[in-house]
Amino acid sequence: MTPTEAAWTRLLSLAQRPGASAIRSLFARDPNRYAAFHWQAGDIMLDLSKTSIDNAAMAALLALADAAGLMAARDAMAAGERVNNTEGRAVLHMALRAPRSAGFRARESDGRYEDASASVEETLAAMEHFTRAVHSGEIRSATGETFTDIINIGIGGSDLGPFMATRALWHEASPMRPLYLANADAHNWELIRPRLNPARTLVLVASKTFTTAETMANARVVRGWLEQTLGKDGMRQHLVALSTNKKATADFGVPADRVFGFHDWVGGRFSLWSSIGLSIALSCGWDEFSRLLAGARVMDEHFLEAQPARNLPLLLALTTVWHVNGLGLGNHAILPYDHRLSRFPAHLQQLEMESLGKRTTKGGQPVKRLTGPVLFGEPGTNAQHSFMQLLHQGTTPVPADFLLIANPSHPYAANHRLLLANGLAQSEALLRGRGAEEVRAEMTASGMSAPEIERLLPHRLFPGDRPSTTLLLPRLDAHTLGQLVALYEHKVFCLGVLWDIDAFDQWGVELGKQLSTSILPELMPEGRVGPHDPSTTGLIEKLREWQGMDI
């Protein structure tokens, strides 16, 4: 048995102990449990005390990380080695938020190293110059007006990360108004279009290859909208491309000095720090974007330097291993108690589920254990009035991350106290539950009859011992948001190492793309239905019938 398998065996044996999922009893045995199971790095405090991880389990989890060579893998990633195994690429999103002096290098296929930090510095300088020129009015629209609105056309990592960040950071005094167009459903565009003046709108098309089907379909629609008002030449002054395909961007009509590239060592779901984040800089200001990068760098330095037992990304990843592999809990809720983080669960869905939804090890063998959990989430207190019922009384526990912000950016102190009280109460309720004696006493005090009490009693019981993690931030601004996003990015890396999967590829999305390309002609008036499974064939035929086409 390898050291890694021995570590897994030890960990899983602890998870199979009677009462391994109990949490209340841990507090009963150790009144100082909170002190021993919370840590802080930068501006983020992480509390794991409301999980069932005890000292023995934590020791086993850390031993697993050691046996898996996690710290060595971390160092290899930072050194620019090609840790994206199936695509043969380095993974250097950390270089995007580091100073030139950090000296990040990316190993190329011929064994040489690219100066990644120099490349990043050059791109950031170009982005800053463009952003400041737009804000100062040096760069104007085709009609000579200042740009007031941005529409970012992208999908996946070219949309979710920037959308999340601008939702969190934008306010009425910000330089420009951001709008995001991702869904290929043109109803999305129809909702956005009436809010925009083409003469004052800057259009960002975000696609590394400039061939992403959904993005380019939307881009052609928006380009046509610009051209109707501004003409073909005027339209060009409103286009910006975030891409590496300069021929395709030129063919589309984007001026060469409006193309901002990035490298193949920048994965889409880790790309908001790159030129893909230009919409953040334009809408919120260059200084805010710089603070976002600086915050992420704080967490990078912590991840690279902190010992495993105090390393927040690793501890967060080990908690997921305990819940998914130890206790068999395959779902996870993200609950930010701040409306500005309303898009954070959606960003994490891609970051974690696209990275960790794998069934094959790096060596090409079937995985031996569960990998990525299903993530879902909603801001509190909205979640309390929708799916939290399942977390409290459902048949299977669902671990939850509560994100609490100590100080709001608004003057309504009473509202914020209510928000924090609800967030704290939900995590406490998941822990405590409600037993029969407590519920019976409460109903008796309300004057309810004994038969009615016994009838309703089972419905009012809460099992408790439901795990949750709390992340507490002093405030939500660009600097703390950068730390928070980087924390989860590094958590994903750690889980990839622990589960021995490539967290940086996404081959599973390819088949659907290929099949949609073959189906598309069959939905044209002149098309004919090709060979498919009977269900798909029947659905295509019904669509053609309802659209008035021949079957």
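Which residues in H7 meet which residues in H19? I looked this up before anything else. Met164, Ala165, Ala168 and Leu169 in H7 meet Ala478, Leu481 and Val485 in H19; contact means heavy atoms within 4.5 Å.

A note on the ground rules. This is a predicted model, where local features need pLDDT of at least 70 and side-chain atom pairs count only at pLDDT 80 or more, while totals for chains, interfaces and linings use all residues. Residues are numbered from 1 along each chain as its sequence is written, and side-chain values use heavy atoms, with hydrogens and water left out.

**Crossing geometry.** H7 spans residues 160–169 and H19 spans residues 478–498. Helices (H or I, at least four residues) and strands (E, at least two) are DSSP runs, numbered from the N terminus. The axes of H7 and H19 come within 10 Å and cross at roughly 145 degrees. Axes are lines fitted to C-alpha atoms, for helices over the stretch in contact, and angles run from 0 to 180 degrees between N-to-C directions. I noted the crossing of H7 and H19 as right-handed. A crossing is left-handed if the near helix is turned anticlockwise from the far one by less than a right angle, and right-handed if clockwise.

**Rings.** Rings of Phe, Tyr and Trp (its six-membered ring) pair if their centres lie within 6.5 Å; planes under 30 degrees apart count as stacked, over 60 as edge-to-face and the rest as tilted. By this rule I get 12 aromatic pairs. One of them joins tryptophan 286 and phenylalanine 289, a tilted pair at 5.3 Å centre to centre with 50 degrees between the planes. Both residues lie in helix H12 (residues 286–305), three residues apart, about one turn of the helix. Tryptophan 286 is buried at 7% relative accessible area, and phenylalanine 289 is buried at 0%. Buried means under 20%, exposed over 50%, partly exposed in between (1.4 Å probe, protein chains only).

Next I checked phenylalanine 344 and tyrosine 488. Their ring centres are 5.6 Å apart and their planes are at 75 degrees, so the pair is edge-to-face. Phenylalanine 344 lies in helix H14 (residues 344–356) and tyrosine 488 in helix H19, so the pair ties together parts 144 residues apart in sequence. Phenylalanine 344 is buried, at 0%. Tyrosine 488 is buried, also at 0%. I also found a cluster in which ring pairs link Phe270, Phe303, Phe493 and Phe504.

**Charge over ring.** The charged end of arginine 369 sits over the ring of tryptophan 8, 4.0 Å from its centre. The rule asks for NZ of Lys or CZ of Arg within 6 Å of the ring centre and within 35 degrees of the ring normal. Arginine 33 lies over the face of phenylalanine 27, at 5.7 Å from the ring centre.

**Backbone.** Where is phenylalanine 210 found? Phenylalanine 210 is in the loop between strand E7 (201–206) and helix H9 (213–236). Its phi is positive, about 60 degrees, although it is not a glycine. Phenylalanine 210 is buried, at 5%. Aspartate 500 has a positive phi near 60 degrees and is found in the loop between H19 and helix H20 (510–519). At 37%, aspartate 500 counts as partly exposed. Last entry: the peptide bond from glycine 380 to threonine 381 is cis, with omega near 10 degrees.
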